Amino acid sequence: MPNNLILCSTGCFLGTRNNFDHTLIAKLRPMLSFHGFEIFMYNIYADKPGEYGPIAETVMNAKDGGCIFHSMHMNKSIGELISRNEDGDIEQAFRCYESDCRYAAMYGVKLLVLHLWGGPWSDKNIHVNIGQYPKLKKISDKYGLNLTIENIVCNTQKPLDHMKKLWELYPGDIKFTIDVRQSEFHKSLVETCESAFLWENDLVSHFHFSNYSGGHMDWDRLRHHTPLGQGDVDYDYLFAFLKSINYSGSITYESSFTHESDGLMAKLCDSYEFIAKGINA
């Protein structure tokens with residue numbers, strides 16, 4: 001078994017076509033080699049908190065049945081609301097954030113993945129987003145959760161610039177999740193790996209593995225998840241780099257939603273084998 005935890009995002013197999021059927025988590029677990037799951041929190045429930053209760057019960061049942069939820073991808077609307085910053089937006093973002101933290105603690109989650117910015121407004125006023133970080137960290141600390149900020153794509157600059165700023169402002173309190181697809185979208189994966197401040201200060205706790213095929217900031221291609229090993233991400237380089245730094249953190253496989261009739265199990269099994277072989281070769 002690899003030293004790194006290799007997780008599967010529930011977003012790979014839950015979507016509108018199966019009405020977000022979270023019972024699939026427990027059903028799929030015996031057939032998968034992944035060591036656990038990253039639970040994906042959907043925006044549709046941020047505005048309908050009363051409808052999330054039955055899903056939470058299903059996830060808890062899966063946990064009681066042996067499913068491990070190591071990480072949580074928090075509601076994307078949190079960063080989108082902070083970026084938009086209209087009347088009441090930030091207050092709503094914090095309500096959603098604390099709700100996610102509360103559920104994460106119930107599920108036994110250890111690590112949170114947060115989009116600190118996002119949506120059409122993205123990093124237009126990045127100082128507003130960065131300014132919320134200490135208050136967000138205080139809440140996650142209250143629940144005993146490890147908050148990481150994802151290198152989500154930007155409209156004006158690139159994620160690495162904002163990560164550096166966060167580290168400069170909060171050097172003892174910041175951790176990151178590196179999404180290789182987001183980095184490749186900005187054609188900055190190699191630059192990210194060569195950014196010594198990330199690795200010398202042990203700032204990266206988690207990775208998201210998926211792929212991207214397209215040009216620099218090609219928005220039409222952002223949502224297209226190319227299979228691992230078939231897109232623009234140089235995984236040979238990435239695996240060699242991770243081995244060179246003895247990376248021991250967790251990795252989540254992410255992909256756009258795949259229905260069972262679309263070869264779901266083959267896709268998930270192939271993706272696990274690709275990652276496990278790559279980090280252990």
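Helix α3 crosses helix α4 with left-handed geometry. The model is a predicted one. Two packed helices are described by the angle between their axes and the distance between the axes. Here α3 covers residues 77–84 and α4 covers residues 89–107. Their axes lie 8 Å apart, at an angle of about 165 degrees. Angles over 145 degrees count as roughly antiparallel, so α3 runs roughly antiparallel to α4.

Next, the residues that form this contact. From α3 come Ser77, Ile78, Leu81, Ile82 and Arg84. In α4 they meet Asp89, Ile90, Gln92, Ala93, Cys96, Tyr97 and Asp100. Sorted by class, the contact of α3 with α4 holds seven nonpolar, two polar and three charged residues.

Now the cysteines. A disulfide is a covalent bond between the sulfur atoms of two cysteines. The cut-off applied here is a pair of cysteine sulfur atoms within 2.5 Å. By this rule the model has zero disulfides.

Take Cys154. The cysteine sulfur closest to its own belongs to Cys193, at 17 Å.

Cys193 has a relative accessible area of 5%, so Cys193 counts as buried.

Key
Residues are numbered from 1 along each chain as its sequence is written. This is a predicted model: local features need pLDDT of at least 70, side-chain atom pairs count only at pLDDT 80 or more; totals for chains, interfaces and linings use all residues. Side-chain values use heavy atoms; hydrogens and water are left out. Axes are lines fitted to C-alpha atoms, for helices over the stretch in contact, and angles run from 0 to 180 degrees between N-to-C directions. Helices (H or I, at least four residues) and strands (E, at least two) are DSSP runs, numbered from the N terminus. Angles under 35 degrees count as roughly parallel, over 145 as roughly antiparallel, 65 to 115 as roughly perpendicular and the rest as oblique. A crossing is left-handed if the near helix is turned anticlockwise from the far one by less than a right angle, and right-handed if clockwise. Contact means heavy atoms within 4.5 Å. Ala, Val, Leu, Ile, Met, Phe, Trp, Tyr, Cys and Pro count as nonpolar, Asp, Glu, Lys and Arg as charged, and the others, Gly among them, as polar. Buried means under 20% relative accessible area, exposed over 50%, partly exposed in between (1.4 Å probe, protein chains only).
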